[in-house]
Amino acid sequence: MSAADTPPPRPSFAPRNWPMWLALGIMVAAARLPWLWQRAIGRGVGWLAWHLARERRRAAEVNLALCFPQQTPQWRARLARDSFDALGVGLFEFARAWWGSLAPIERDVRIEGLEHLRELQVQGRGVLLVSGHFMTLEMCGRLLCGQVPLAGMYRRHRNPVMEWAVKRGRLRYAVAMFANSDLRGAVRHLKRGGMLWYAPDQDMRGKDSVFAPFFGMPASTITATHQLARVTGCAVVPFFHRREGGRYILRVAPPLADFPSEDAVADTARVNAAIEAMVREAPAQYLWIHRRFKRQPQGRSNYYERGRGLPAPPPAA
């Protein structure tokens with residue numbers, strides 16, 4: 001047993017932890033609601049977030065203007081609104097994945113491309129399963145864990161109750177959870193032929209990063225996919241997933257050929273291109289509220305500042 005495959009000790013019920021314990025209790029109760037109720041209530045939560053979380057709404061609108069400049073303002077506005085519906089439903093998907101039953105969902109799931117993972121298992125080769133931050137990631141991660149032994153990486157939470165809940169919930173189905181600071185543990189897992197789910201599509205300050213294209217925009221992107229593949233010899237496999245109504249579609253793509261190369265920037269651009277393809281398949285389910293382009297090669301951008309109109313993308317180099 002190691003820290004990666006066991007949850008931390010349960011935090012105390014001291015008064016300072018009461019707000020988070022209350023929130024956790026609400027999530028556990030929500031996880032047990034009927035699936036149709038969860039989706040309906042989730043859309044209501046998305047409606048509230050759209051009206052109340054104005055800064056995040058602004059971030060989504062800016063990101064869509066930068067990523068889809070060829071589309072009409074009406075098209076982007078509809079997509080932004082739909083993304084908040086998906087965000088609300090996604091909260092219930094997280095809760096059900098951690099504490100609920102998948103019986104109502106597993107009856108209508110399609111999984112394609114498992115043969116790629118099976119073949120790599122036979123070879124004894126590690127697998128870095130790459131995806132993006134979609135609202136379906138938790139549910140689809142649990143569904144895939146029902147087919148193959150899969151570990152994950154996550155960002156540590158400062159609140160001890162949340163840290164305990166996240167690890168305890170995910171370790172119900174994942175074989176291990178590595179903090180993003182535990183690269184040695186992740187490397188050992190991959191070298192032993194393990195499978196590791198990873199999402200490298202957010203701006204992580206303080207990490208090794210380069211600017212690589214994402215929807216034609218320079219995006220600060222960590223090079224960990226290149227580094228992990230180079231150090232461990234693992235295969236890098238794109239993982240597509242989306243929800244269509246109440247049905248889930250999971251698709252495991254073939255491993256990226258000739259990866260890694262000697263060029264970290266080129267490899268990172270290939271990973272971003274794979275995630276972009278995933279977004280185009282299910283654009284409303286992507287986490288557009290993240291300020292993906294806050295850093296640019298010339299310095300911090302002003303794209304997300306209040307009072308500015310929606311930006312136009314910079315001219316192509």
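In helix α1, L24, M27, V28, A30 and A31 meet F92, A95, R96, W98 and W99 of helix α4, where contact denotes heavy atoms within 4.5 Å. The residues of this contact divide into nine nonpolar, no polar and one charged; Ala, Val, Leu, Ile, Met, Phe, Trp, Tyr, Cys and Pro are counted as nonpolar, Asp, Glu, Lys and Arg as charged, and the others, Gly among them, as polar. The model is predicted, with pLDDT of at least 70 needed for local features and 80 or more for side-chain atom pairs, whereas totals for chains, interfaces and linings use all residues. Residues are numbered from 1 along each chain as its sequence is written, and side-chain values use heavy atoms, with hydrogens and water left out.

Helices (H or I, at least four residues) and strands (E, at least two) are DSSP runs numbered from the N terminus. Helix α1 spans residues 18-31 and helix α4 residues 73-99; they pack at an angle of about 85 degrees, with their axes 8 Å apart. Axes are lines fitted to C-alpha atoms, for helices over the stretch in contact, and angles between N-to-C directions run from 0 to 180 degrees. Helix α1 is therefore roughly perpendicular to α4, a class covering 65 to 115 degrees, with angles under 35 roughly parallel, over 145 roughly antiparallel and the rest oblique.

In helix α10 (residues 224-232), the buried residues are A224, T225, H226, L228, A229 and T232. Buried means under 20% relative accessible area, exposed over 50% and partly exposed in between, for a 1.4 Å probe and protein chains only. The cover over these residues includes β2 (127-130), α9 (183-191), β5 (195-198), β7 (217-222), β8 (235-244) and α11 (264-281). After α10 comes G233, with a positive phi near 75 degrees.

Residue E276 lies in helix α11 and is buried at 17% relative accessibility. Its side chain makes a polar contact with that of R280 at 3.0 Å; such a contact is a pair of N or O atoms within 3.5 Å, one able to donate a hydrogen and the other to accept it within protein, and residues adjacent in sequence count only if both atoms are side-chain atoms. Leaving aside neighbours within four places in sequence, E276 is in contact with F214 and F215.

The count of disulfides is zero, a disulfide being a pair of cysteine sulfur atoms within 2.5 Å. The sulfur of C234 is 17 Å from the closest cysteine sulfur, in C145, and therefore too far for a bond.
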